[in-house]
Amino acid sequence: MEILLYILIFLFGTIIGSFLNVVIHRVPRKESIVYPPSHCPKCGHDLKTIDLIPILSYILLKGRCRYCGEKISARYPVVEVLTGTLFLIIYYKFGLDFKAFSYMFLASILISISFIDMEHKIVPNKIIIAGFVGAIIFRLLMSNYGFLDYVLGLVLGGGILLLISLISGGEMGGGDIKLMALIGFFIGWKLTILVLFLSVIIGALGGAILVALKIKGRKDYIPFAPYISIAWFISILYGYEILNYYIKFIRG
Ligand SMILES: [Zn+2]
């Protein structure tokens, strides 16, 4: 029975991922995410239910629109598999409670923002606001976890990036500041500090690799939201182990 639950959680994740694809496509284009129904961006043909089955429809259609043959972006199956996999890992680590649901929610927000940042170099306010609405609801549902810790996370996450931005003269985008404040509100101040550290390290490494592979030039915009998101995921999975190890290390 356990295996069945894993399969269901993964499928649930891919369905959410399918919705995130709509968000990623429409929000930066200032289109509504509920209307009109899903259609091919090239020929405008409405998609049937069978065209909307996550992953499977992409494989069955061999990555092309059924009506006009236009290539469908690989981003669609990638986002679906990614969302399904992250949900699966979150379930494996945390079970099925409000904490797990809050992380699945934040994972969805971060996937949308990361892909939009990579494609359009923006972090849309609409998604940040949706994130904060969700965060407030989860903080109320999870009042047994306390409140102050998370407010500190919000202030610290946003505040430190704001400070870096002011010192560096705007190197850090406003979107990243809001994103870090949002993450802080979900995870509390201790893990927030870890996310800040890790995202700088992962960002520097990732940037160096992209430049070395000549995917990006030295002066190109390198989206930071994906690095913050990866740092967040590592921190919720292994954060306390890393922090404990670090404390032991500095105490000798
Ligand atoms: Zn088409």
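Donors of a metal ion are taken here as N, O and S atoms within 2.8 Å of the metal. With that in hand, the spacing pattern in this predicted model is simple to read: the donor residues of the zinc ion follow C-x2-C-x21-C-x2-C along the sequence. The residues behind that pattern are C40, C43, C65 and C68, and each holds the zinc ion through its SG atom, at 2.3 Å. The angles among the four donor atoms run from 104 to 116°. Since four donors count as tetrahedral if all angles lie between 85 and 135 degrees, the site of the zinc ion comes out as tetrahedral.

As for bonds between cysteines, a disulfide is a covalent bond between the sulfur atoms of two cysteines. Going by a cut-off of 2.5 Å between the sulfur atoms, the count of disulfides here is zero.

Next come the charged pairs. Side chains of opposite charge can pair when their charged atoms come close. The structure has three salt bridges. In one of them, the side chains of K42 and E70 meet, with 3.4 Å from N to O. K42 belongs to the loop between α1 and α2 and E70 to the loop between α2 and α3, so the pair ties together parts that are 28 residues apart in sequence. K42 is exposed, with a relative accessible area of 59%, whereas E70 is partly exposed, at 32%.

Another salt bridge joins D51 and R66, whose closest N and O atoms are 2.6 Å apart. Is D51 buried or exposed? With a relative accessible area of 8%, D51 is buried, since buried means under 20%. R66, at 40%, is partly exposed.

The remaining bridge connects two helices. R75 and E119 meet through their side chains, at 3.5 Å from N to O. R75 lies in helix α3 and E119 in helix α4, so the pair ties together parts that are 44 residues apart in sequence. R75 is buried, with a relative accessible area of 9%, and E119 is partly exposed, at 42%.

Helix α3 deserves a look of its own. Which residues of α3 are buried? The buried residues are R75, P77, V79, E80, T83, G84, L86, F87, I90, Y91 and F94. Among the elements that cover them are α1, α2, α4 (98-120) and α8 (225-251). Just after α3 comes G95, which takes a positive phi of about 80°.

T14 is in helix α1 and counts as buried, at 3% relative accessibility. Leaving out residues up to four places away in sequence, T14 touches P54, I55, E80 and G84. E80 and G84 also turn up among the buried residues of α3.

A last stop is I228, in helix α8. I228 is buried, with a relative accessible area of 0%. What does I228 contact, apart from its neighbours within four places in sequence? The contacts are D176, L179, M180, I183, V195 and S199. I228 and F147, for their part, are 81 residues apart in sequence and 23 Å apart in space, going from C-alpha to C-alpha.

Definitions and conventions. Residues numbered from 1 in each chain as written. Predicted model: local features only at pLDDT ≥ 70, side-chain atom pairs only at ≥ 80, totals over all residues. Heavy atoms only, no water. Donors = N, O, S within 2.8 Å, 3.2 Å for Na, K, Ca; no water. Tetrahedral: all angles 85-135°; square planar, octahedral: opposite > 155°, others 65-115°. Buried < 20%, exposed > 50% of the residue type's maximum accessible area, 1.4 Å probe, protein only. Helix = DSSP H or I, 4+ residues; strand = E, 2+ residues; numbered from the N terminus. Contact = heavy atoms within 4.5 Å. Salt bridge = Lys/Arg side-chain N within 4 Å of Asp/Glu carboxyl O.
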